[in-house]
Amino acid sequence: MRLKGSYRFQTTIDRVWGALMNPQVIARLLPGVERLEPIGNDVYEAEMRLGIGPISGRYKARITLSEIDPPNHYRIRIQAQGPQGTVDARGTIDLTADNGETVMHYEGEATVTGLLMSMGARLLEPTAQMLVNQGLKNLEAQLTSS
Amino acid sequence: MATRYFGVAMKRREDPRFITGRGTYVDDLALPGLVYAAMVRSPHAHARIKAIHKEKALQHPGVIAVFTGKDMVDSGVKSLPCGWLLPGMKLPPHYPMAVDKVRHVGEIVAVVIAQDRYTAEDAAELVEVEYEPLPAVADGAKALQPGAPAVHDEAPDNVCFRWSIGDREKTDEAFRRAHRTVKVELVNQRLIPNAIEPRAAMAQYNPATDEYTLWVTSQNPHVHRLLLAAFVLGIPEHKLRVISPDVGGGFGSKIFVYPEETIVTWATKQVGRPVKWTARRRESFVSDAHGRDHITEAELAVDEKGKILGMRVKTIANLGAYLSTFAPAIPTYLYGTLLSGQYEIPTIYCEVTGVFTHTTPVDAYRGAGRPEATYVVERLMDVMARELGEDPAEFRRKNFIPPDKFPYQTPVALQYDSGNYEGALNKALEVIRYKELRQQQEELRKQGRYIGIGFSCYIEACGIAPSQVVGSLGAQAGLWESALVRVHPTGKVTVYTGSHTHGQGHETAFAQIVADELGIPIEDVEIIHGDTGSVPFGMGTYGSRSAPVGGSAIVLSLQKIKEKARKIAAHLLEAAEEDVVFEDGKFYVKGVPDRFKTFQEVALQAYLAHNYPPGLEPGLEASSFYDPKNFTFPFGTHIAVVDVDPETGKVKILRYVAVDDAGRIINPLIAEGQVHGGIAQGIGQALLEGAVYDENAQLLSASLLDYALPRADDLPSFEIDHTVTPCPHNPLGVKGIGETGTIAATAAVVNAVMDALTPFGIRHIDMPLTPEKIWRAIREARAA
């Protein structure tokens, strides 16, 4: 499964970067996160509730950030394991300042196994894309209102 | 023999109990103290197991035990055996639960046993397995490429075996001097059997007698008992009773010894309670042995007159992650040997590479090797006919083995005992009104409608035999069949057959044979099967063997019964044995039919033994083991007529004519039902079905949402007919009809679609012929 896209925030790059490095913000951005705690340098443990149609379950995830280059770039890896399968996602986030606004490019690839894949394959990509779009909109609303 | 029943289209005696919900399937059974098993299955196609944490599952209320592969192996459980060995074949171990690595999605890593099924399933989700995912490969050809991830250390190149049949040099030589050659590349896609009843197993251990009983959805309970007892679990064979009660369809998928029945039989002793497991449909998709999955390159050579000179075939057969019970036999001895089809082909050479991949194991599925062979032969015949500009029916006719050449020795080991191929073709052409149909096709093309006519002139080999020969080819068992006929004092008869019915209607067809032979009402005959506790050792049902092999064994026992009964009757009639005639259930002295003893009177005297021939043992029962002299060779011609919509690519089957020759037909209603079901499955493969794995060997078509089984509205009304060429070497003259439909239909439908697409210059599209694939092919052809 591949995800790729860009998003324009109507706020400065520093504010966007600050938000993206804040665990509590990430928790709201990622789909289904119920708990997220740092367990080391740039490593977080999360509990996520993921579901596509009838296939849903609680997943334990490890989120690792690397190649951190403030305020422009980082790499994220999410390894989640649950009763219905596993997700191993790797992606990059790149920010560019543009006239006081910020353009985000994101790109990622996920390996999905188990029932999540066998039953949900056709729905995975559109569902993930929808969730990401929703998360980004929420983030922007939060950044511009505060 | 009077034939009051043989050949009569009787309704099946077993159906009232099935259609009123009174069948007894494994999942219907319950025992006091019964507990339930749920399997923890791998979500990965290939991974190292780093750790399995049972604690949370064990703490779950209602959970009795959690076991892993290590627990089983530590207690002495062995690998599941493979029942057919080829020279030089790699045979990596296959434990009922993975021990160190998982090698396909759905492989079992742990079992949870709990008070009820729901608790077991819930707790299975609480078993935490730490995996280290490894690269995986699902495609047979990709698995052979250098650097492909190896499934087993024992086979670093993923090659399980390389096998060949025929004369390579002679075949190459035939191609060198050929007038014309054609080559096709064919994918015979992987299919997932979907018996309506999922697999199930229930086991009970009795500590008082040290005996086990296993109820299992098996097509061959004795084979299950032998393999489980002697090879896997180390239970003395006489301490394990295997019962296979009503079974709702098998199509081959219930032949094999699977991990699940092994696990419950082992676990029942561990927990001291009877244990049951029933597959969910989702589990069936990843754990029932799959079928087909060949990638083939095939060539045909002809001379100036269009007579075939030779055939060359190269096949990659995907075997999956482990060798299922009969896996090596299917793409070799049940495939390569059938490549002569109905044709006189002077030389054939076929090589097959059996390959391990990170997928569910592949084994026999209705037809088992023979549909794959027929697809190769019949596609080649059509492609060559088109290349030569000849009519596909006439090109076939020209190359048929003529009726006066039987017995016919093919260049690929089989010796056909009988056949009249032109007879079946002519009848099919007549039924379909071929000439008119071709004219109609021409006219419709002018109007922009594309109909196509497809042929499949198939040969089948049923009742694989004799035992000595199959043993020399690698079978680890004989392929005879047993029958015990027990006549009770009142003349009622119970027949214990070693074959097994799971939809074939044995309880009716076999009773028809018995009632006729003994001249008694069919109501007086009971057919018992599927219980190692009462039935003599038998080989079970697969490969369309029940009528030719199982039925023949019954006939042998009936002959023994009649011989003994005649002795008793002669004594009662005070006549010489050779003067006594048996007719319509009555014994009388030749020429004096009014003075007779009925079969029932003789049966009673056999048990009373009051007025009895001196020296003769009392009682009236006989058992037989029938080992056939050869395979039987059903054949026929199937013709499909399709309409392809060039705008949407949708195929509609307008007509389907099947003319089969299965020898003498015991029950035409049952035979016709078998043909219908077989054609439906063949059409399913041609147009709809296919297992799809992604690049990480995840099965994507893993439910009935994504795996398209044919439905009633996908199928036309079938036009069924027969020719009758009796089998010359078994006492009934029967051949077998259970697989003819699947063997023939796939090629007939694909040939019909390609015939329809001829005006576009499209030569071949791989199955399933979905509207999308056809639409794309038409679009590309139009653009070119």
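**Reading a two-chain predicted model**

Author: With 12 C-beta neighbours inside 10 Å, B:Pro593 counts as exposed. This is a predicted model, in which local features need pLDDT of at least 70, side-chain atom pairs count only at pLDDT 80 or more, and totals for chains, interfaces and linings use all residues. Residues are numbered from 1 along each chain as its sequence is written, and chains are lettered from A and ligands numbered from 1 in the order in which they are written.

Reader: Which strands of chain B form the open sheet of 3 strands?

Author: Strands of a sheet pair through backbone hydrogen bonds, either parallel or antiparallel. Here the order is β4-β2-β6 in chain B, with antiparallel pairing; two strands pair if DSSP finds at least two bridges between them. β4 (101–102) and β6 (128–133) stand at the edges, each with a single partner strand, so one side of each lacks a neighbour in the sheet. Strand β2 (residues 47–53) is joined to β6(B) by 6 bridges, and B:His53 stands opposite B:Glu128.

Reader: How many residues of chain A are in contact with chain B?

Author: Contact requires C-beta atoms, placed from the backbone, within 7 Å. 10 residues of chain A are in contact with 9 of chain B. α3(A) gives the most to that side of chain A, with 4 residues.

Notes:
Two residues are in contact if their C-beta atoms, placed from the backbone, lie within 7 Å. Helices (H or I, at least four residues) and strands (E, at least two) are DSSP runs, numbered from the N terminus. A residue is buried if 20 or more other C-beta atoms lie within 10 Å of its own, exposed if 12 or fewer, and partly exposed in between; C-beta atoms are placed from the backbone.
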